Amino acid sequence: AKEPLRVLVTGAAGQIGYALVPMVARGAMLGPDQPVILHMLDIAPAAEPLNGVKMELVDAAFPLLKGVVATTDVVEACTGVNVAVMVGGFPRKEGMERKDVMSKNVSIYKSQASALEKHAAPNCKVLVVANPANTNALILKEFAPSIPQKNITCLTRLDHNRALGQVSERLKVQVADVNNVIIWGNHSSTQYPDVNHASVKTSSGAKPVRELVANDEWLKGEFITTVQQRGAAIIKARKFSSALSAASSACDHIRDWVLGTPENGEWSIVQGLSIDEFSRKKLDATAQELSEEKSLAYSCLQ
Ligand code: NAX
């Protein structure tokens with residue numbers, strides 16, 4: 001039998017945490033034959049609900065779940081973890097300045113980075129979900145220099161899955177038959193969902209998405225804005241932000257990374273893609289936003 005792997009979920013008493021921990025315990029993240037020990041971290045005011053989540057995990061009697069650590073102590077939470085899913089963060093509240101929210105998250109990610117650096121298992125793989133996800137991951141990387149840079153990532157897979165969902169609904173094809181959709185840039189409304197290189201598997205071979213949709217206006221307009229603004233649409237409909245889709249996408253992200261997608265294993269940056277003028281503008285806009293976020297984050301460190 002395999003040795004259990006330790007999976008940290010921060011912010012585990014929150015909505016994504018509540019959706020995510022049972023998925024991990026059922027093997028959706030690391031595979032159906034991989035035992036896991038869950039480490040759940042939250043802050044002191046959430047200690048009681050966190051313990052409630054632990055009780056439910058025990059009650060669900062997951063065969064793969066070999067242990068649960070529920071704690072408000074960051075060192076205890078980070079000790080020996082093989083995978084760290086960072087969902088905890090400071091939310092933007094009404095009337096708060098961007099800089100104030102950034103400053104709170106910079107200090108959270110700085111201290112949690114140090115705890116991971118010192119106490120996580122060697123080669124720990126990190127996925128940052130909490131927003132601003134890209135910038136929180138950057139801060140984590142800065143303050144955990146001994147964790148390989150390649151191991152520090154943030155969640156774009158939800159945006160990717162949203163794009164697959166839109167293409168599949170539009171073309172009435174299986175989501176699993178849609179390949180090579182790209183999300184460029186920030187996890188925000190400037191992200192650029194790009195189907196220029198995407199294809200659909202059909203009985204007569206792979207066909208370009210652009211050709212099958214045959215409606216450039218939709219692809220350059222509604223498709224992009226729907227994916228960009230899907231988070232807001234979910235909040236409007238549900239009165240809460242996306243949780244089950246975020247949790248499921250976090251599992252997809254780690255699973256494909258650790259177990260390999262059907263075609264490859266370790267991640268690498270695809271080279272040599274042609275970028276047209278329309279795409280270039282979208283890429284530049286989201287890159288600009290990321291660089292502004294980076295400056296804001298660094299100004300919070302001073
Ligand atoms: P919730 O507010 O339900 O849960 C957040 C939890 O984090 C709370 O239990 C809170 O007590 C805890 N927390 C706060 N500070 C902490 C700290 N220093 N250490 C440990 N835990 C801490 O939010 P939820 O809906 O679960 O969303 C969590 C985060 O995911 C948010 O930042 C949200 O913006 C982000 N999202 C990111 C997505 C992505 O695709 N990258 C999509 C979904 C989601 O919106």
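Author: Let's start with an open sheet of three strands, ordered β7-β10-β11 and paired antiparallel. Keep in mind that this is a predicted model.

Reader: Happy to begin there. Which strands stand at the edges of the sheet?

Author: Those are β7 (178-179) and β11 (205-208). Each has a single partner strand, so one side of each lacks a neighbour in the sheet.

Reader: And how should I read the pairing itself?

Author: The general idea is that strands of a sheet pair through backbone hydrogen bonds, in a parallel or an antiparallel way. In this case, β7 and β10 (residues 199-202) run antiparallel and are joined by two bridges.

Reader: Which residue in β10 is the bridge partner of Asn 179?

Author: Ser 199 is the partner of Asn 179.

Reader: Let's step back to the chain. How many helices and strands does the chain have?

Author: There are twelve helices and eleven strands.

Reader: What does the radius of gyration tell me?

Author: For 302 residues, a compact globule would come out near 19 Å; the chain has 20 Å, which agrees. Along the principal axes, the C-alpha atoms fill a box of roughly 55 × 50 × 40 Å.

Reader: What share of the residues is buried, and how far apart in sequence are the contacting residues?

Author: Buried residues account for 44% of the 302. Of the contacts between residues at least 6 apart in sequence, 74% join residues at least 24 apart.

Terms used:
Residues numbered from 1 in each chain as written. Predicted model: local features only at pLDDT ≥ 70, side-chain atom pairs only at ≥ 80, totals over all residues. Heavy atoms only, no water. Helix = DSSP H or I, 4+ residues; strand = E, 2+ residues; numbered from the N terminus. Rg over C-alpha atoms; globule rule 2.2 N^0.38 Å. Buried < 20%, exposed > 50% of the residue type's maximum accessible area, 1.4 Å probe, protein only. Contact = heavy atoms within 4.5 Å. Pairing = 2+ DSSP bridges.
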